[in-house]
Amino acid sequence: MAAAHDGIERPGAAQWVPEGADTAALAAAAAQCRGCELWEPASRVVFSAGPPSATIVMVGEQPGDQEDRRGMPFVGPAGTLLVQAVRDAGIDPTEVYRTNAVKHFRFEQRGARRIHKTPEAVHITACHPWLHAELGDLSPKIVVALGATAGRALFGRVVRIGAERGRVLEGAIPDSPALSLLTAHPSAVLRMQRDPGYDEAYAALVADLRTAAAAAQ
Ligand code: URA
Ligand code: SF4
C-alpha cells in the first residue's frame, strides 16, 4: 500500500478491477472502488460514456460538479465546450468514447459550493488501473489526452501542454497500440472566455481535435 506524503492510505483501484471485464462491467464495478479517499465525499462514481467500438477515445481529468450530480462525464460547462469543439472539428461527439483519468470528483466544500480541486499524482496513480483496464478492452485508433492530468495518466510522465500539444504520437501509451495526441483541457479554454486570447485558444483546441480525427481515419 502506497503511503502518501499526507499520510492517507491509498491502496489503489487494482483490487476492485475485475480481470478481463468489458467497459460496462468495469463501470459497474467502479461503484465499489475504495482505491483512494475521493469516493467518500463524492456523490457517485462517474465512469465513462460513448460506444466501446469508438475509434477516438478522449480522456479528461476528473468529473466536475455537474458530472458528479448526474453520473455522466462531460455534461458540465467544460464538457459543453468540448462537445462544441468536437463538432467544430467534424467529429460526431456521440461516436467518441469519453472517460476521465480520475473517476471521482475532487472538491473543496465552501458553504453551499463545491470548488473543483485538481487531482494530485497520488490520485492519478490510485485510479490508473481503471483507465488501463478500459484501454485494454477498447481498440481505438487514437486516444486524446485533454490536459496535463490526462497526459500524465496516459503517458506515465509529467507533460507540458504548450510544448507537446497537437502531435500524433506512436507508442506513447505504455501497453497500448493506439496512437495518441495531447491537447488543452476544455476547462483551460473555458477560463479564457473573457480574455482576448479566447478565440485563438478555442481554435487551437479544434485544430488539435481535427488532427486527431484525421489520424483516426
Ligand atoms: N468533465 C469531465 O468529465 N471531465 C473533465 O475533465 C472536465 C469536465
Ligand atoms: Fe477508486 Fe478512482 Fe474513485 Fe479513487 S478516484 S475511489 S481510485 S475510482
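Modeller: Here are some questions and answers about the ligand and the spaces in the protein. This is a predicted model, where local features need pLDDT of at least 70, side-chain atom pairs count only at pLDDT 80 or more, and totals for chains, interfaces and linings use all residues. Residues are numbered from 1 along each chain, chains are lettered from A and ligands numbered from 1 in the order written, and side-chain values use heavy atoms, without hydrogens and water.

Biologist: Which residue has a polar side-chain atom 2.9 Å from a nitrogen atom of ligand 1?

Modeller: Take the polar contacts, pairs of N or O atoms within 3.5 Å. A nitrogen atom of ligand 1 lies 2.7 Å from a side-chain N or O atom of Asn-100. An oxygen atom of the ligand is 3.0 Å from a polar backbone atom of Phe-74. The 2.9 Å pair belongs to the side chain of Glu-67.

Biologist: How much of the accessible area of ligand 1 does the protein cover?

Modeller: Accessible area comes from the Shrake-Rupley method with a 1.4 Å probe. On its own, ligand 1 has 240 Å² of it. The protein covers 94%.

Biologist: What is the volume of the largest pocket?

Modeller: A pocket is an open set of points on a 1 Å grid over the protein atoms alone, with protein on both sides within 12 Å along at least five of seven lines. Ligand 1 takes up space in the largest pocket. A volume is the space filled by probe spheres set on the points. For this pocket it is about 830 Å³.

Biologist: Which residues are closest to the centre of that pocket?

Modeller: Lining residues have an atom within 4 Å of a point. The largest pocket has 40 of them. Closest to the centre are Glu-61, His-116, His-185, Ser-187 and Arg-191.

Biologist: What is the volume of the largest cavity?

Modeller: A cavity is a set of points where a 1.4 Å probe fits but cannot get out. The structure holds two cavities of 30 Å³ or more. The largest has a volume of about 90 Å³.

Biologist: Which helix gives the largest share of the lining of the second largest cavity?

Modeller: This cavity holds about 50 Å³ of space. Its lining includes Met-58, Leu-82 and Arg-98. Helices are DSSP runs (H or I, at least four residues), numbered from the N terminus. The largest share, three residues, comes from helix H3.

Definitions and conventions: Polar contact = N/O pair within 3.5 Å; in protein donor to acceptor, adjacent residues only side chain to side chain. Sits in = over half its atoms within 2 Å of the grid points. Helix = DSSP H or I, 4+ residues; strand = E, 2+ residues; numbered from the N terminus.
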